[in-house]
Amino acid sequence: MKEKCPLCDLEANYNFVEGDGNKRKKFNCPKCKMFVITDTAEGTLNTSMSEYKDEFSKACSELSDRYLMHIYVPPIETNIPLKAVPEERSHW
Ligand SMILES: [Zn+2]
């Protein structure tokens, strides 16, 4: 499936991560390369965090091909609005 990349707005391929109730999308973007993003993280990026899109895009694109970025909203008590953690692609 194709959709605008939530980080850089280029057209990108994505699919839903299996067994997750369609909460996470795995993107393969020509610019940002591969990353997994939750629906809540995508919503946060589109609203209160849109000025951070470039930063996330850059961080994703700089990972080696063995990794992808997992972008999600951590538990509220951490007081962190969004987290981006490199994980091995083989986990996904
Ligand atoms: Zn992108």
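Strands E2 (residues 11-16) and E3 pair in the antiparallel sense, over four bridges. The model is a predicted one.

- Six strands make up an open sheet with mixed pairing, in the order E1-E2-E3-E4-E5-E6.
- Strand E1 (2-4) and E6 are the edge strands, and each has a single partner, so one side of each lacks a neighbour in the sheet.
- On average, neighbouring strands are turned by 35° against each other, direction ignored.
- Helix H1 packs on the sheet and touches E4 and E5. The direction of H1 makes about 100° with that of E4.

**Helix H2**
- Which residues of H2 are buried? They are Phe56, Ser57 and Cys60.
- These residues cover an arc of only 100° around the axis, which means that they sit on the same side of H2.
- The buried residues of H2 pack against E4, E5 and strand E6 (83-88).
- Asp54 and Glu55 are exposed, on the face of H2 turned away from its buried side.

**The nonpolar core**
- The largest nonpolar core has 16 residues. Those with the most contacts inside it include Cys5, Phe27, Phe35 and Ile71.
- Strand E3 (24-29), strand E4 (33-38), helix H1 (39-46), helix H2 (53-61) and strand E5 (67-72) each give two or more residues to this core.
- Leaving aside residues up to four places away in sequence, Phe35 touches Phe27, Cys60, Leu68, Met69 and Ile71.
- In soluble globular proteins, nonpolar side chains tend to be buried together.

Technical notes: Residues numbered from 1 in each chain as written. Predicted model: local features only at pLDDT ≥ 70, side-chain atom pairs only at ≥ 80, totals over all residues. Core = buried A, V, L, I, M, F, W, Y, C linked by C-beta atoms within 7 Å. Buried ≥ 20, exposed ≤ 12 C-beta atoms within 10 Å, placed from the backbone. Contact = placed C-beta atoms within 7 Å. Arc of directions from axis to C-beta. Pairing = 2+ DSSP bridges. Axes fitted to C-alpha atoms, helices over the stretch in contact; angles between N-to-C directions.
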